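Hi everyone, thanks for coming.

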Amino acid sequence: RQNDEIAVTGTNSWGTTYLFSKETYARAKGMAFEATVKQSGDDAMVGFKNTSTTFQYNQMPYAIYFYHGNLYIYEDGNNRGDTGYDYSYNVWYDVRIELKPTSGALYYYRATGSPTWILLYDSNYNSDTSFKRGMDVHSGTLTIDNLKEIAAGPTPTYRFYGLGSHTVS
């Protein structure tokens, strides 16, 4: 850990260098994993992991895979394909995986500082109810910062009448 960042360097083997939460989190509408990440190499995944004691990418039901400058989606070790979006080495990106209420997840990314999230993939796969969060690094170094655990909860609804500015608290 340095400068409030955590860097995990791979050893050319999945499941030997990883970082996952100790606690588990329950699936609920709005539950999301969000972080700022920077990849300096070719093989790393970030996302949700099942509750098994095996710590490698095929235990991750929902993961964004950083591979040779391309972003892929992997679910329990199954490649869902190239998203069509790229990343540059040593550049910060924000990633977000939001669980759907009963099964599946929404995968997003953006260049850090950009106001707009890009939807990478919409999945209906897997209905597991408990997860850990983190990353598995095969090669290169994946650095993670600004880890956010977005919990589900009540969603307030507001109705504004007329044009103009309105105060919300």
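**A walk through the strands**

Let me start with a residue that sits inside: Asn-126 is buried, with a relative accessible area of 14%. Buried, by the way, means under 20% relative accessible area, exposed means over 50%, and partly exposed is in between, using a 1.4 Å probe and protein chains only. Asn-126 sits in the loop between strand 11 and strand 12, and its phi is near 70°, a positive value in a residue other than glycine. Most residues other than glycine have a negative phi.

Now some housekeeping. This is a predicted model, where local features need pLDDT of at least 70, side-chain atom pairs count only at pLDDT 80 or more, and totals for chains, interfaces and linings use all residues. Residues are numbered from 1 along each chain as its sequence is written, and side-chain values use heavy atoms, with hydrogens and water left out.

How confident is the predictor? pLDDT is its confidence in each residue, from 0 to 100. The protein averages 89, and 91% of the residues score at least 70.

Okay, the overall picture. How many helices and strands does the protein have? The count is 0 helices and 13 strands. Both kinds are DSSP runs numbered from the N terminus: helices are H or I with at least four residues, strands are E with at least two.

As for size, the C-alpha atoms fill a box of roughly 60 × 30 × 30 Å along the principal axes. With 169 residues, a compact globule would have a radius of gyration near 15 Å, and the protein has 17 Å, which agrees. That radius is taken over C-alpha atoms, and the globule rule is 2.2 Å times the number of residues to the power 0.38. Buried residues make up 43% of the 169.

Two strands pair if DSSP finds at least two bridges between them. Strand 10 and strand 11 are paired in the antiparallel sense over 4 bridges, and Tyr-108 has Leu-119 as its bridge partner in strand 11.

Let's move to strand 7. Is it enclosed or open? Well, 5 of its 6 residues are buried, so strand 7 is largely enclosed by the rest of the structure. Strand 7 pairs with strand 6 in the antiparallel sense over 5 bridges, and those two form a hairpin with 2 residues between them, where His-68 in the turn has a positive phi of about 50°. On to strand 8: 5 bridges join it to strand 7, and the two run antiparallel. That hairpin also has 2 residues between the strands, and there Asp-76 takes a positive phi near 50°. Tyr-74 has Asn-79 as its bridge partner in strand 8.

Now the inside. In soluble globular proteins, nonpolar side chains tend to be buried together. Here we call a nonpolar core a set of buried Ala, Val, Leu, Ile, Met, Phe, Trp, Tyr and Cys residues joined through side-chain atoms within 4.5 Å. The largest one has 27 residues, and Val-46, Tyr-62, Ile-64, Phe-66 and Tyr-107 have the most contacts inside it. Strand 9 gives the most to this core, with 4 residues. Apart from it lies another core of 8 residues, including Phe-20 and Tyr-72.

Take Phe-66 as an example. Its bridge partner in strand 7 is Leu-71. A contact means heavy atoms within 4.5 Å. Not counting residues up to four places away in sequence, Phe-66 touches, among others, Gln-39, Asp-42 and Asp-43.

Leaving aside neighbours within four places, Ser-139 is in contact with Gly-10, Asn-12, Gln-39, Gly-41, Asp-42 and Asp-43. At 13% relative accessibility, Ser-139 counts as buried.

Last stop, Asp-128, in the loop between strand 11 and strand 12. Is Asp-128 buried or partly exposed? At 31% relative accessibility, Asp-128 counts as partly exposed. Asp-128 and Ala-26 are 102 residues apart in sequence and 8.9 Å apart in space, C-alpha to C-alpha.

Key. pLDDT is the predictor's confidence in each residue, from 0 to 100.
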